[in-house]
Amino acid sequence: LEEVVACVLGLGVRDVEKFALGMPTPPEQSVLTKALSVLEEIGAIDSEGAITALGSSVVKMGCDVRVGKMLLWCMVLGCLDWGLGVAGWLGVGKSVWAEESEGGRR
């Protein structure tokens, strides 16, 4: 849910909680609060809930906010190739194109 909240904030919506209530199946308040807490913890939003420069950059990347922050730091530190490897490894098994087999593995 962190990615969705970050994208909504990136679009300029200030009241994410009100926006979420308009969704066909709104998330539970506790889940939304946790997502906002995670975004603030990693620096994607500030204490008032506004998106930061880091948050805007991660939203443009279109990936998990934690992975996006890692990739940005890897780029700054000059180890992007390693960061991309780790990001790829973290994404193993999360393909939307792979079907689950009977054993639960893709």
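Author: Helices (H or I, at least four residues) and strands (E, at least two) are DSSP runs, numbered from the N terminus. The model is predicted, so local features need pLDDT of at least 70 and side-chain atom pairs count only at pLDDT 80 or more, while totals for chains, interfaces and linings use all residues. Residues are numbered from 1 along each chain as its sequence is written, and side-chain values use heavy atoms, with hydrogens and water left out.

Reader: In which helix does G55 lie?

Author: The elements of the chain run α-α-α-α-α-α from the N terminus on, with six helices and zero strands. The run that covers residues 53-61, and with them G55, is helix 4.

Reader: Is G55 buried or exposed?

Author: Buried means under 20% relative accessible area, exposed over 50%, and partly exposed in between (1.4 Å probe, protein chains only). The relative accessibility of G55 is 2%. Because this value is under the 20% limit, G55 counts as buried.

Reader: Which residues are in contact with G55, leaving aside its neighbours within four places in sequence?

Author: Contact means heavy atoms within 4.5 Å. With those neighbours left aside, the contacts of G55 are G43 and A44.

Reader: How many Å apart in space are G55 and G10, C-alpha to C-alpha?

Author: G10 belongs to helix 1 (residues 2-10) and is partly exposed, with a relative accessible area of 46%. From C-alpha to C-alpha, G10 is also 8.9 Å from K60, at a separation of 50 residues in sequence. G55 and G10 are 45 residues apart in sequence, and their distance in space is 7.7 Å.

Reader: Which residues does L32 contact, leaving aside its neighbours within four places in sequence?

Author: In soluble globular proteins, nonpolar side chains tend to be buried together. L32 is one of the residues with the most contacts inside the largest nonpolar core. Beyond its sequence neighbours, L32 is in contact with L1, V5, V16, E17 and A20.

Reader: How many salt bridges are there?

Author: Side chains of opposite charge can pair when their charged atoms come close. A salt bridge is a side-chain nitrogen of Lys or Arg within 4 Å of a carboxyl oxygen of Asp or Glu. R66 meets E2 in this way at 3.6 Å, N to O, and D64 meets R66 at 3.8 Å. By this rule the count is two.

Reader: Which three residues are linked in a network of salt bridges, and which of them is buried?

Author: The network consists of E2, D64 and R66. D64 counts as partly exposed at 28% relative accessibility, and R66 does so at 40%. At 14% relative accessibility, the buried member is E2.

Reader: Which residues does E2 touch, not counting residues up to four places away in sequence?

Author: E2 has its place in helix 1. With the nearby part of the sequence not counted, E2 touches A35, V38, L39, V65 and R66.

Reader: How many disulfides are there?

Author: A disulfide is a covalent bond between the sulfur atoms of two cysteines. Here it is a pair of cysteine sulfur atoms within 2.5 Å. The sulfur of C79 has its closest cysteine sulfur in C74, 4.0 Å away, which is too far for a bond. By this rule the number of disulfides is zero.

Reader: About how many Å² of accessible area does the surface patch of V86, W89, L90 and V92 have together?

Author: Patches are made of residues with over 30% relative accessible area and no salt bridge, with like charges joined within 9 Å and nonpolar side chains (Val, Leu, Ile, Met, Phe, Trp, Tyr) within 5 Å; accessible areas come from the Shrake-Rupley method with a 1.4 Å probe, and for residues only the protein chains shown count as cover. W89, in helix 6 (residues 80-90), is exposed at a relative accessible area of 63%. Together the four residues of this nonpolar patch have about 420 Å².

Key: A nonpolar core is a set of buried Ala, Val, Leu, Ile, Met, Phe, Trp, Tyr and Cys residues joined through side-chain atoms within 4.5 Å.
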